[in-house]
Amino acid sequence: MASGTKNERKGAGAGAVEWVERRGLMQRRGDLVVIGMLAMFCAIAVCLDSIQALDLDLYELDKNPAFPPASCVRAMRAWAELADPLLIANPLWLRTMQVINVFGFVPFYLIAIAAIAAGWDWIQVPVIVYSSCVLYSVALIVVEEVMGVHRSKDLLLFAAVYGSYAVVPLGLIYRFSAHHPFGGYYRARKSNPKND
């Protein structure tokens, strides 16, 4: 067993190393924001994206099932008429994306929220894969809304709302690209010229 404390061990000729403690959730305040965004995306997927996934009628509410609630369908219709006509058209490729979102990403959101709160390092790869998938799907939607048949009537509003679906995944890739995002590892101590 190596001599020295956990905080300070000598490497053979490599200089000192130090232990980086695992940080609890309250010490990782940025992760609280990540958890909040994932929870919001989960709620949107369950309440709104399910409307597209189930191909519900935005105008004849009495034909739709009890869930999602009629208020969610009305909100979706208002948003679609205001800035997102692609949702009214609801082509097959969009329905397919939303099925993946509802049945694939919702379980991921719940697992990721628990893993990030607990500080489980294994969540790194799933978070990066998820982020890449979201960036890809957002790119398809943006191209359609900007240059396609179903162009947005209000690109500024559209960009303001959909911007989070680009910013959050890019932030997640940055946050989880660290080797041990929650701490709990040894690293080489930075040399201090005053002590040399």
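The pLDDT is the predictor's confidence in each residue, from 0 to 100. This is a predicted model, in which local features need pLDDT of at least 70, side-chain atom pairs count only at pLDDT 80 or more, and totals for chains, interfaces and linings use all residues. Residues are numbered from 1 along each chain as its sequence is written, and side-chain values use heavy atoms, with hydrogens and water left out.

Begin by colouring the protein chain by pLDDT: the average is 88, and 89% of the residues score at least 70. Next, select residues 1–13, where the pLDDT is below 50. Where pLDDT is low, the predicted coordinates should not be read in detail.

Proceed to the aromatic rings. Rings of Phe, Tyr and Trp (its six-membered ring) pair if their centres lie within 6.5 Å; planes under 30 degrees apart count as stacked, over 60 as edge-to-face and the rest as tilted. The whole structure holds 11 aromatic pairs. Among them, select Trp120 and Trp122, a stacked pair with 6.1 Å from centre to centre and 20° between the planes.

Then display Phe41, Phe105, Phe108, Tyr109, Tyr130, Phe158, Tyr162 and Tyr165, which ring pairs join into a cluster.

Finally, select Ala188 in strand 3 (residues 185–188); strands (E, at least two residues) are DSSP runs numbered from the N terminus. Contacts of Ala188 (heavy atoms within 4.5 Å) include Ala16, Val17 and Glu18, not counting residues up to four places away in sequence. The C-alpha atom of Ala188 is separated by 8.9 Å from that of Trp19, 169 residues apart along the chain.

Methods
Helix = DSSP H or I, 4+ residues; strand = E, 2+ residues; numbered from the N terminus.
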